[in-house]
Amino acid sequence: MTVKQKQERIGRNELCFCGSGKKYKKCCGMQNYEISDSIQKQYLDRFGIRLKNEKDIEFIRRAGQLVSDTLSMVESAIHPGMTTDEINTLVHNYTIQHHAIPAPLNYKGFPKSVCTSVNDVICHGIPGDRVLKNGDIINVDVTSVLDGYFADANRTFFVGTPGQDAVKIVNVAKNSLKASLEMARPGNRIGDLGWAIQRYAEGQGCSVVREFVGHGIGFEFHEAPQVPHFGRKGTGVELIPGMVFTIEPMINLGSYKLKILEDKWTAITADGSLTAQFEQTILITDTGYESLTPFDL
């Protein structure tokens with residue numbers, strides 16, 4: 001998903017979006033995070049963000065646990081000599097057996113049930129006859145629909161014994177997501193998440209992909225808000241409880257520039273460098289965040 005929308009920031013002296021007639025700094029800006037119907041309506045009307053209630057969250061949590069379990073299953077199965085299409089079959093069958101739907105299948109024409117991105121493939125790799133070799137890294141991106149609710153996560157795995165560059169890029173990608181999650185709490189802003197990623201990754205001599213972003217999720221595969229993985233601290237929509245979205249930084253060992261292959265899906269690094277990614281679906285809570293697709297980082 002490309003960055004198209006400019007994130008709005010509410011000035012502290014503007015009228016509060018909740019409709020109270022007070023200035024923002026004297027109303028919702030005071031960090032009273034009890035979410036009223038009017039705030040839910042204003043977030044929908046102004047930002048297109050649909051906040052989730054307790055029932056929605058429980059259903060997304062169930063879908064998220066299935067996604068996490070699917071990734072664990074894939075981790076135990078990956079080995080040199082298997083094809084990416086075999087991973088697709090594993091994910092598809094596991095998802096169906098658990099009464100869910102693989103969201104990528106036929107989404108805007110995507111032909112498979114999972115994305116498998118190897119080495120210099122940033123994202124949206126299409127499973128096929130590619131054989132995994134010892135030393136490869138592979139990102140497996142799983143989105144499941146369970147009882148009508150969506151959850152999305154991905155992990156980058158080592159195939160056999162990794163080389164030094166592979167270890168570095170996977171660790172930097174993992175820690176980039178960690179850095180962002182540390183900023184995921186009420187009162188912070190969308191821009192804080194990307195700022196934390198960019199600051200950490202570039203500090204390690206790596207780069208952050210610009211063209212793809214995290215996104216709201218739950219009722220649909222992709223919802224508002226967009227969540228860029230770079231940016232300025234203190235900018236963008238304020239995070240409030242009930243927001244559910246993904247953070248999924250794509251980190252390159254070389255340049256952040258990319259190319260899209262002729263299949264119109266597969267994105268690769270322009271310079272052929274290794275790339276890695278980790279993603280979780282998170283909920284903003286009253287005090288911080290909860291991963292709805294839990295796995296250890």
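**Exercise 1.** Is M82 buried or exposed?

*Solution.* The coordinates are a predicted model, in which local features need pLDDT of at least 70, side-chain atom pairs count only at pLDDT 80 or more, and totals for chains, interfaces and linings use all residues. Residues are numbered from 1 along each chain as its sequence is written, and side-chain values use heavy atoms, with hydrogens and water left out.

Step 1. Apply the thresholds: buried means under 20% relative accessible area, exposed over 50%, and partly exposed in between, with a 1.4 Å probe and protein chains only.

Step 2. The relative accessible area of M82 is 3%, so M82 is buried.

Step 3. Locate the residue: M82 lies in the loop between α2 (54-77) and α3 (84-97). Helices (H or I, at least four residues) and strands (E, at least two) are DSSP runs, numbered from the N terminus.

Step 4. List the surroundings, where contact means heavy atoms within 4.5 Å. Leaving aside neighbours within four places in sequence, M82 is in contact with A77, I87, L90, R130, V131 and L132. Of this group, L132 is 50 residues from M82 in sequence, yet their C-alpha atoms are 5.7 Å apart.

**Exercise 2.** Describe how helices α4 and α5 pack.

*Solution.* Step 1. Two packed helices are described by the angle between their axes and the distance between the axes. Here the axes are lines fitted to C-alpha atoms over the stretch in contact, and angles run from 0 to 180 degrees between N-to-C directions.

Step 1. For α4 (residues 164-181) and α5 (residues 190-203), the angle is about 145° and the axes are 8 Å apart.

Step 2. Identify the contact residues: α4 contributes V172, N175, S176, A179 and S180, while α5 contributes L193, A196, I197, Y200 and A201.

Step 3. Examine the rest of α5. Its buried residues are I190, G191, D192, L193, G194, A196, I197, Q198 and A201, and they pack against α4, β6, β8, β9 (244-247) and β10. Just after α5, G205 takes a positive phi of about 80°.

**Exercise 3.** Which strand pairs with β7, and in what sense?

*Solution.* Step 1. Two strands pair if DSSP finds at least two bridges between them. Strand β7 (residues 214-216) is joined to β8 by 3 bridges, and the two run antiparallel.

Step 1. H215 stands opposite Q226 in β8.

Step 2. β7 and β8 form a hairpin with 6 residues between them, and G218 in the turn has a positive phi of about 140°.

Step 3. In strand β8 (residues 223-227), 5 of the 5 residues are buried, so β8 is largely enclosed by the rest of the structure.
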